[in-house]
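Thanks for coming, everyone. I'd like to walk you through a two-chain model this morning, so let me put the sequence and the structure up.

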Amino acid sequence: MRTTQIAAIAAGLGLALGAFPAAAAEFPSKPIEVVIPFAQGGGTDQVGRAFAQFAKPHLGVDLFVSNRTGGSGATGFAYGAQAAPDGHVITMTVTTLVSAPHTIKGYPVTYRDFKTICLISAPPGVLSVHKDSPFKTLKDLIAFGKANPKKLTFGTAGPGSNTHLIGAAFANKAGIEVRYVPHRGSGPVLTATFGKHVDVAVTDKAEALPWLTDGRLRALTVFTGEADSGLKDVPTAKAAGFDMDIGSFRALGAPKDTPAPVMAKLIDGCRKTAADKEFITFLEKTGTEINTKFGDDAAAWIKQQDELFGEAARIVSGQGS
Amino acid sequence: MFDLILAGFGPFLDWNMLLLVFGSVAAGIVAGAIPGISATMGVALIAPLTFTMPPLAGIMSLVGVYCGAVSGGSISAILLGIPGTPGAVATTLDGYAMARRGEAGLALGVATISSLIGGIISALALMLLSYPIADFALAFGPQEYLALAVFALTAMAALSGGSFLRGMLAGLIGLFLAGIGIDETYGVSRFHFDQTYLMGGISFIPAIIGLFALPETLQGIERIGPVPRRAIQISRILPSARLARRLLPAQLRCGVIGVIVGAVPGTGSDIAAIIGYSQGRNLSRHPERFGTGEPEGVACPEAANNGATGGSLIPLLTLGIPGGAVAAIMLGTFMTHGLQPGPLLMQNNAEIVYQIFAGTMIACIAVGILGLLGARLFARVLAVPEAVLTVAVLVLCVLGAFSMRNDTTDVAIMVIAGLLGYAMVKLDIPRAPLVIGLILGPMVESELSRTLIVTSDDRLNIFTPISTVIWLLTAAPLIVPLVARVFRRLRQA
């Protein structure tokens with residue numbers, strides 16, 4: 001019994017070793033498709049397009065983007081997860097992949113359907129208010145929320161989005177009851193906050209930054225433990241007594257059965273692209289700060305994010321909202 | 001201020017710059033005329049090319065493609081009965097009817113001149129009234145959007161082409177289809193039958209292509225026979241002075257409607273065209289002629305959807321708010337050039353803002369010039385033998401449906417929508433109301449739930465000053481005739 005098992009493993013290994021170099025030698029043999037599960041013009045789209053543009057010399061083939069939109073990202077993620085695992089279809093795996101499965105019943109994919117290539121950026125969550133808002137600090141906000149249950153409105157990017165969970169997790173920790181107003185993405189949330197139609201915008205830092213730098217909106221807190229990934233002159237949530245390190249992320253993934261040698265080439269390509277000065281300045285101009293992790297490190301980090309959002313989702317459903 | 005406006009035209013005295021604007025407008029017209037390439041896609045396709053250009057050149061390429069595409073959508077709508085972009089759905093009704101009557105040239109001419117007028121109104125608004133309009137647009141919250149969406153929905157009646165009940169039936173089918181997929185408020189997935197595709201909802205570009213294009217090709221096949229089709233003479237292109245005078249008030253009115261609808265974040269040229277058409281019909285002395293090839297039926301939506309192009313730039317340039325997908329792409333382009341649209345742009349880079357204002361005006365004029373010069377050429381499409389044209393359109397339909405999201409399921413949706421459309425044509429059920437339902441359904445639903453959330457402490461807040469006015473406008477066509485009748489009775493008694 002034991003010998004047959006060993007033989008089987010050996011045979012398997014032999015097969016694998018024999019097969020993988022061949023697959024790796026073939027990769028990349030044609031242009032690589034970068035699947036973007038969200039529409040043209042959004043944050044995910046910007047990062048994905050920039051990657052496709054700058055990765056060409058580092059991966060040796062053309063990369064082209066395809067926006068496969070719809071169903072809170074389900075359409076694109078499902079397509080990317082079910083693609084042939086040969087490395088020629090890679091997907092922008094973003095926060096929705098670890099938030100929507102917890103909040104949308106029947107959401108067809110999770111982060112487990114992908115092998116993570118690399119993490120490109122991970123902006124923390126930010127709470128911002130209109131520049132004329134009476135809430136100057138997080139304390140003001142919480143005090144008002146406690147005195148007036150269900151009076152505050154939090155604008156979020158919709159039911160499957162991480163921003164909804166971030167807002168809810170915060171409200172729960174702060175012990176306040178608020179109304180969540182879902183929008184079609186973070187752009188409309190920031191617009192509605194600037195138009196004074198909602199009190200607080202829950203977004204990530206990259207999305208809010210352009211609005212904060214020219215003073216249209218004011219940040220109350222940043223959900224990060226590290227001061228240098230926060231915002232200048234804005235207290236982090238940790239400093240205000242909320243141990244929350246949560247936000248959004250933009251990563252790249254390949255189908256889960258992609259062979260290791262192919263993964264190695266993709267990871268290497270991403271590592272070189274992420275070190276590319278032009279790529280970095282290009283992203284920074286659009287408000288995205290690079291924050292990289294590769295391969296297993298990135299995968300472990302995303303798994304941890306999934307647990308974080310899972311917990312937040314349990315809190316939200318416990319509240320019955 | 002006026003010297004700033006004039007100085008804005010400076011860079012366009014350069015031949016290269018002028019050539020770039022005309023070139024991108026021409027590219028936009030072609031993109032818009034191809035069903036499946038919407039204005040948004042055209043702009044998204046061209047955007048990466050602009051990153052290496054100087055800022056003004058890059059942004060003007062996008063503006064040019066945008067203006068061209070919105071106008072180009074009417075070409076296929078008029079000639080083939082297939083709206084090239086969602087903004088041209090309303091144009092299809094009367095435009096195609098005119099073409100079938102042998103007035104294809106005139107329809108193209110009216111569409112182009114209306115586009116020109118709408119575009120110029122929007123460029124003037126951009127130059128002179130940006131700030132007040134932007135403040136007005138910013139005042140739009142859930143309550144105002146809800147009122148606007150319902151107001152636009154009433155256009156179903158105007159686009160029913162005579163049979164109100166059949167129009168309503170089609171509209172309700174559209175609203176039902178719009179409900180498929182994950183809802184935006186609570187994330188509940190409806191009628192998806194465990195199909196990932198359906199969770200994303202029915203994407204309306206393939207549906208529009210199918211609904212309009214496929215029935216035309218099927219009818220084309222029915223017409224193919226031993227009898228050769230008589231060659232279509234290209235009629236005059238420029239409207240007579242009398243017709244031009246008659247159309248002008250409608251064009252001006254719809255241009256203004258377009259600017260406002262375009263400036264409000266989240267609504268764009270498609271909704272502007274729908275509202276423009278229905279207002280044109282409601283205010284017409286001959287509403288019964290709409291749908292049978294009335295030139296106003298072409299002028300109104302075309303003036304409105306081009307008015308929306310400049311309109312959508314207003315919140316982007318003054319407040320940094322991307323009101324729609326096209327503006328979002330432009331925002332990205334600004335930022336890659338190190339410019340942040342918003343209040344500070346006007347302070348720090350007023351020069352480029354005024355150059356963009358001037359450029360928008362020039363792009364609109366380019367739309368007019370190229371449209372009128374090209375009309376005769378475009379109309380030659382009708383000289384292509386039906387047997388060839390039908391097949392070519394069919395190929396375009398499949399490509400257009402597929403290219404939207406590179407999804408074969410979209411092709412299947414296109415075919416299903418096409419068979420539905422064919423059945424509707426045979427049963428004499430208008431198709432435009434279905435499209436309105438499909439476009440406005442998600443908006444009405446999500447704005448209604450947002451309104452209910454933000455007004456949960458005091459329901460009377462549903463009636464804000466702006467929303468009350470829109471609700472009254474919505475109710476006016478129902479109430480005014482009744483009141484008028486009562487008055488007439490009273491006077492007789």
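Before I count anything: helices here are DSSP runs of H or I with at least four residues, and strands are E runs of at least two, numbered from the N terminus. On that basis, chain B comes out with 21 helices and two strands. And please keep in mind that this is a predicted model.

Let me stay with chain B for a moment. Of the 493 residues in chain B, 58% are buried. There's also the contact pattern: take contacts in chain B between residues at least 6 apart in sequence, and 79% of them join residues at least 24 apart.

One helix to pick out in chain B is H13, residues 269-283. H13(B) has 15 residues and goes 21 Å from its first C-alpha to its last, close to the 21 Å expected at 1.5 Å a residue. Is that helix mostly covered or mostly uncovered? Mostly covered: 13 of the 15 residues of H13(B) are buried.

Now to chain A, which has a domain assignment: domain 1 is 29-122 + 249-313, and domain 2 is 125-247. Taken over C-alpha atoms, the centres of those two domains of chain A are separated by 26 Å. In the contact between them, domain 1 of chain A puts in 17 residues and domain 2 of chain A puts in 15 residues. Which elements give two or more residues to the domain 1 side? Those are helix H5 (96-103) and helix H12 (295-319) of chain A. By class, that side of domain 1 of chain A has seven nonpolar residues, ten polar and no charged.

Let's look at some strands of chain A. E3(A), residues 89-94, has six of its six residues buried. Here's a bit of background. In a regular strand the side chains alternate between the two faces of the sheet. For E3(A), both faces are covered: A:Val89, A:Thr91 and A:Thr93 are buried on one side, and A:Ile90, A:Met92 and A:Val94 are buried on the other.

What does E3(A) pair with? Strand E1 of chain A, residues 32-36, pairs with E3(A) in the parallel sense over three bridges. Strand E10 of chain A, residues 250-255, runs antiparallel to E3(A), with four bridges joining them. A:Thr91 is a handy landmark, standing opposite A:Val35 and also opposite A:Gly253 in E10(A).

Next is E5(A), residues 125-130. Why call this strand largely enclosed by the rest of the structure? Because six of the six residues of E5(A) are buried. E5(A) pairs with strand E8 of chain A, residues 200-204, in the antiparallel sense over four bridges, and A:Ser128 has A:Ala201 as its bridge partner in E8(A). Strand E9 of chain A, residues 217-223, also runs antiparallel to E5(A), with six bridges joining the two. There, A:Val129 stands opposite A:Arg218.

At 1.5 Å a residue, the twelve residues of H2(A) should span 16 Å, and its end C-alpha atoms are 17 Å apart, which agrees. Eleven of those twelve are buried, so H2(A) is largely enclosed by the rest of the structure. The buried ones include A:Asp45, A:Arg49 and A:Phe51.

Last stop, over on chain B: B:Ser189, found in strand E2 of chain B, residues 189-190. Buried or exposed? B:Ser189 has 22 other C-beta atoms within 10 Å, and the cut-off for buried is 20 or more, so it's buried. Leaving aside neighbours within four places in sequence, B:Ser189 is in contact with A:Ile104, A:Lys105 and A:Gly106 from chain A, plus B:Gly181, B:Ile182 and B:Met199.

Definitions and conventions:
Residues numbered from 1 in each chain as written. Chains lettered and ligands numbered in written order. Predicted model: local features only at pLDDT ≥ 70, side-chain atom pairs only at ≥ 80, totals over all residues. Contact = placed C-beta atoms within 7 Å. Pairing = 2+ DSSP bridges. Expected span 1.5 Å × (residues − 1). Domains from an automatic or database assignment. Nonpolar A, V, L, I, M, F, W, Y, C, P; charged D, E, K, R; others polar.
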